[in-house]
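Dear colleague,

Here is the structure I said I would pass on. My notes on it follow below.

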Amino acid sequence: MTLRVLVAKVGLDGHDRGVNVITRLLRDAGMEVIYTGLFQSPETIARTAVDEDVDIVGLSILSGAHLTLAPLVITAMRELGSEAPVVVGGIIPGEDLDALRHAGVAATFGPGTSLDDIVATLERLQTTAQH
Amino acid sequence: MNHRTGRSKWEDAYSESPAAQSHGATQSGVSIDPVYGPDDAEYPGFFPYTRGIHPAMYRSKLWTMRMFAGFGTAPETNQRFHEIIAAGGTGISTAYDMPTLLGIDSDDPRALGEVGRCGVAIDTIDDVADLYDGIDLGAITTSMTINAPAAALFAMFVANAEARGVHRSRVGGTLQNDILKEYQAQHEYVFPPRPSLRLVRDTMVFATREMPRWHPVSISGYHIREAGSTAAQEVAFTLANGFAYVELARRGGLAVDSFAPKLSFFFNAHIDFFEEVAKYRSARRIWATWMRDFYGAHDERSWQLRFHAQTAGVSLTAQQPDNNHARTAIEALAAVLGGAQSLHTNSFDEAWTLPSSEAARVALRTQQVIAYETNVTQVADPLGGSWFVESLTDQLQSEAGQLLEELLEIGAGSMLEGCLTAIDNGWFEGHITDAAYAHERAVQRGERIIVGVNAFTDDSPTPSPPNQIGDGGEALQLQRLRRVRHERNSDAVHHTLERLSAEAHDAEVNLMPALMEASLARATVGEIMSTLADVFGRYHVSPR
């Protein structure tokens, strides 16, 4: 089954080189990718995740505000009934990884992660989520 | 293309430069000329400035070592500025946090988690006063990396300098204020393009008339390149924006030679060494030619492309981060051999955080090693005459020239209209994203090697250094802002914002006086920007 992924930019962070490129690369890998555009609120992202019935949500955060924003998105999604796993790509200091995992982030992708690793992780998360 | 200055003309100019008495020699005592070339070659200091804008280049004046800094609250960043100056930095440059860059206050709900994180939080003129505390604004030049709210921050800056007894005519520095590249690459916009350009026009007119030491726009290719463009696209899009500002200022009633000498540029210093050197050379040549022949500038200073360079943030890796020292040194050397007037070197830790004090000091020391140990400053354009570099310069000129012609055609003869249309229809972003995608595919396939990432990897774990920024001082900044809101005269704030709104409706009025009045009444950046947004509207773009 084709994986449906929502990639999202949350908050004030306008860096979109990564999100533009990953959108195309995931499409190359055969996934259906929906991109929210910049400056989305956690509530809008949650609503889109539900409306589009996506399998996975990928947040791109390069501003350093991941500890604040990722949990807000996850809470908003769960409140609307979306149980889709949430992954975060961007610049995340090692010491923040535990806090993100604790907040429900299923995986993180730092700079230089290979596309193969990203695809494998997303496929594994989809399989796990279905069981 | 051959522009024959002739060596004798250059010798005359050189003999009048401050460097005329200097004697260059290698470490072993071999004597070095200030420039090399056959008698009939092009020489530095002469049109079209391929070889540099001064006859003596670094023999007469080294580049400014301008280190970019900003985090937390204004007093914290002020302390870093003092450290930079004490370490021998010769200019300061402010990085603002995301809320400030987008014109919202620290206590706005959208600012949650972002206050003081990517730069310093500035809400009111009180923060500006703390930011520059103890720094002589009549002596050291400052650079402000801000765009959408540039006019508001500039007004606060000038009002603060004057409140401390430094008249605006004595203040020197640079306002980035390049809104076009925000729509093309960096995405820190607030208003739609046309009203944003009105603010750029107002700051240009104000600075041209009242602030002879100020550079009101720093036309920035850096962010276009960081977003993924090629070197030729960086040159073309940046110069196109520069020409658009020339047309804008002329529409504002300024004669080209009254403001063009105050325009400055900001380019990336990337890792492809010779291409970068050729890039700066081709950019100078195109700018000079177009300014003289297309825009009719007569003053030589209007033809001269002055630029600041910053080493490439995107070239740094979180893996094996010590390798970043080597990358930054090589990139900085390219900027110097390419004739930069000012340079920021990135710290090795910037792949994951804002730089620590120690890392910023090593980055500055890297420039000092190049400036004082390597002897490369003795000769202007030392790579000029290399068949490879000359050919690469011509090729980049030709590629960038084609893109510029295309934009001019899109704008039916106006570069300003060409840029606006190409922003509207996604032309710029399409080009940039295609190039970024091609780069990433090449990395993923191993066709482009990045040491420590897709080659020469080792088992050493990627270090997880501490987050240098902490919580960004959010609580402290909220307290500072609350105090100002409590202390100020809210009637006066209201009154000045009403004036701002009324004047914003009339496109002929220059908004700088109203902005300075609102700043002095201690209106916040967010209040000023929402007042303007009520008149100008807000810019939204849907993903393509």
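To start with the second largest pocket: 41 residues line it, and those nearest its centre are A:Gly37, A:Leu38, A:Phe39, A:Gln40 and B:Tyr189. Please keep in mind that this is a predicted model. The volume of the second largest pocket is about 1100 Å³. Chain A supplies α1 (17-28), α2 (42-51) and α3 (66-79) to the elements that give two or more residues to this lining, and chain B supplies α17. The top contributor is α3(A), with 5 residues. By type, the lining residues comprise 18 nonpolar, 13 polar and 10 charged.

Next, the salt bridges. Over all chains, the whole structure has 39 of them. One of these pairs B:Asp434 with A:Arg24, with 2.8 Å between the closest N and O atoms. This pair joins two chains, because B:Asp434 sits in helix α17 of chain B and A:Arg24 in helix α1 of chain A. Both ends are partly exposed: B:Asp434 has a relative accessible area of 42%, and A:Arg24 is at 27% relative accessibility.

A second salt bridge is within chain B, between B:Glu210 and B:Arg168, where the closest N and O atoms are 2.6 Å apart. B:Glu210 belongs to helix α7 (residues 193-210) and B:Arg168 to the loop between α5 (150-163) and β6 (173-175), so the bridge ties together parts that are 42 residues apart in sequence. B:Glu210 is partly exposed at 34% relative accessibility, whereas B:Arg168 is buried, its relative accessible area of 17% falling under the 20% cut-off.

B:Arg483 and B:Glu487 are both in α18 of chain B, 4 residues apart, which is about one turn of the helix. Their closest N and O atoms are 3.7 Å apart. B:Arg483 is partly exposed, with a relative accessible area of 42%, and B:Glu487 is also partly exposed, at 45% relative accessibility.

There is also a network of salt bridges in chain B, which links B:Asp105, B:Asp107, B:Arg485, B:Arg488 and B:Glu527.

Last, the surface. B:Ile449, B:Val451 and B:Phe456 make a nonpolar patch of about 310 Å². Of these residues, B:Ile449 is placed in the loop between α17 (427-444) and α18 (474-487) of chain B.

Regards

Conventions:
Residues are numbered from 1 along each chain as its sequence is written. Chains are lettered from A and ligands numbered from 1 in the order in which they are written. This is a predicted model: local features need pLDDT of at least 70, side-chain atom pairs count only at pLDDT 80 or more; totals for chains, interfaces and linings use all residues. Side-chain values use heavy atoms; hydrogens and water are left out. Patches are made of residues with over 30% relative accessible area and no salt bridge: like charges are joined within 9 Å, nonpolar side chains (Val, Leu, Ile, Met, Phe, Trp, Tyr) within 5 Å. Accessible areas come from the Shrake-Rupley method with a 1.4 Å probe; for residues, only the protein chains shown count as cover. A salt bridge is a side-chain nitrogen of Lys or Arg within 4 Å of a carboxyl oxygen of Asp or Glu. On a 1 Å grid over the protein atoms alone, a cavity is a set of points where a 1.4 Å probe fits but cannot get out, and a pocket is an open set with protein on both sides within 12 Å along at least five of seven lines; lining residues have an atom within 4 Å of a point. Grid points are joined across faces, edges and corners, and a volume is the space filled by probe spheres set on the points. Ala, Val, Leu, Ile, Met, Phe, Trp, Tyr, Cys and Pro count as nonpolar, Asp, Glu, Lys and Arg as charged, and the others, Gly among them, as polar. Buried means under 20% relative accessible area, exposed over 50%, partly exposed in between (1.4 Å probe, protein chains only).
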